[in-house]
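Reader: I would like a close look at a single part of this model. Please keep to what can be read from the coordinates.

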Amino acid sequence: MKSKAVKIAECMDLLHKYNRSAVSIKQQLFAGKDRFDRFSRSFDGLLLDFSRTTINEECFDSLIDLAESCGIDEMRRRMYSGERINFTEDRAVLHPLWRERNFSELLPAAEAELLNAATVRMREIAQALHQGSLPGEHSTGQIKHLVHIGIGGSLLGPRLLCEAFPPAGNCPQVHFLSSVDALEREHLLKRIDARETAVMLVSKSFTTSEVLAHARRIRQWQSETLNAEESDRRLFAVTAEAEKAEQFGVPAGHILQMGTWTGGRFSVWSPVGVTAAVTMGADAFEELLAGGASMDRHVREARLRDYLPVILALLSVWHRNVCSYDVHGLIPYDGRLKGLPSWLQQVEMESNGKSIDTEGQPVSMDTSPVVMGDTGTDAQHALFQAFHQGTTVVPLDFIGVVNPDHDDLDAQQALLSHMLAQATALAVGRDEEQAAAMMREQGVPEEQLDALLQHRVMPGNRPSNVILLDKLSPAILGRLLALYEHKVFVESLIWQINAFDQWGVELGKSLANAIQPALADDDTALPADIPGLDGLVRHIRKQMRSG
């Protein structure tokens, strides 16, 4: 029987053969009027159109064979049954439990009870703050600001949701602090009143340096206006280390347990999302969870040919490993989704930015692309020149919302027409004949045509997917986020890497802890195993003393 590695290698060889003989996207689009029907899939308010790629039916069949050869069915069974598939940390991958709140199926009774209690308490806290009051109080509108302190997964998901479903009515304005850079925090504290402010500290370990640095300063700021009891009543925490949070001063009833197995970049479904539940409302947050849970059911039940995360992952592998494209772009055509590219950057690059496979050997294929993006139509005036005529081909995911939450349908149609136009222009380009005809219409003199013509030609054949959401509801956004999470997992199975650890992140943290004492004290030398920084450290010390 062939090994998994041999099967994958054979599939990849066949895919490279298809790529060498592939016709252009323009030819594909004009050759088959039913191409959309063959290369699109939909699921419960979400449509994926991947017809603007170079794949054909035979290539798609081979991509599905690749997915089958990687044991996806078995691995998704193992994940949902609670096996420790994150083997480098000896942990199960259990974040889908937060979506269905079915903790007792896979966790010990005591832990399941603890997390169920956390979800109940999360709802109570969110409902109170949503009305601008503290838990147990009825003074609606008293709390006008909520400061969420976290970094990475402890912030990106909640910020995305708060931007998608912003606060209204008595709901407090939310402010996010992440970077250890103090400038944003100090400017914020000058604008808000401690008596009107609640603070949410989010750190699984409750040792995250960036979170604690902000938290200590804010405690000092609170003490300038409030007594200790009043300060504590405005302090909340999400963590797996409740005792440390209590020692810091957070009341026990204000601490939400998140579980040590909850990976930060997959944590928005957990109490980490409490700030989003404040802005969007506790019921809407439950709808988000239900949307994510419906994608989980799709993952467990769908055929591979219709399994949206598999299709997205296979297209990613096609572009990364067969077409050799190093960058992937995400362009949401809805300002409420402006945080989506940053969220996906972490989910994708922290998960699959690996060079060692599950056997401890160097990987046989390139892994995570660089993920980037911005909101359309702003992106069109910043990024798209390079996308259309640059030397690097960047496959894109366009995200559009069909039905807006406003009555200006002309504006919405204009927005969607820009998105569809960009996807088309990237795919079909503009040839010399079309460019010459356009220039003549614009009155360019014939004697100048030859000199200018090539500057107006667009090569085309630049792939994209279009993902349409019927509307931006909590449930549909939940399905979209879970779709991308599962897509990243499927990619990792094809690349044969562990998507659920992040040891590279830890290295920088440990080095920073070793460097900081040398910046603070002229008599403290850098550790011997940190080379090349002596000159920079001397310069920083000197400028700090003189500045």
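Where does aspartate 501 lie? Please describe its surroundings, then turn to the sheet.

Author: This is a predicted model. In it, aspartate 501 sits in the loop that runs between α21 (474–495) and α22 (503–520). The relative accessible area of aspartate 501 is 6%; the cut-off for a buried residue is under 20%, so aspartate 501 counts as buried.

With the side chain of lysine 354 it forms a polar contact of 2.8 Å. With the side chain of tryptophan 503 it forms another, of 3.2 Å. Once neighbours within four places in sequence are set aside, the residues in contact with aspartate 501 are Asn86, Thr88, Glu89, Arg265, Glu350 and Lys354.

Five strands form an open sheet with parallel pairing, in the order β4-β3-β5-β6-β7. Its edges are β4 (173–177) and β7 (255–257), each of which pairs on one side only. From one strand to the next, the twist averages 15°. Helix α7 (residues 109–130) packs on this sheet and touches β5, β6 (235–239) and β7. The direction of α7 makes about 140° with that of β7.

Within the sheet, β3 (residues 145–149) and β5 (residues 197–202) are joined by five bridges in the parallel sense.

Terms used: Residues are numbered from 1 along each chain as its sequence is written. This is a predicted model: local features need pLDDT of at least 70, side-chain atom pairs count only at pLDDT 80 or more; totals for chains, interfaces and linings use all residues. Side-chain values use heavy atoms; hydrogens and water are left out. Two strands pair if DSSP finds at least two bridges between them. Helices (H or I, at least four residues) and strands (E, at least two) are DSSP runs, numbered from the N terminus. Axes are lines fitted to C-alpha atoms, for helices over the stretch in contact, and angles run from 0 to 180 degrees between N-to-C directions. Contact means heavy atoms within 4.5 Å. Buried means under 20% relative accessible area, exposed over 50%, partly exposed in between (1.4 Å probe, protein chains only). A polar contact is a pair of N or O atoms within 3.5 Å; within protein, one must be able to donate a hydrogen and the other to accept it, and residues adjacent in sequence count only if both atoms are side-chain atoms.
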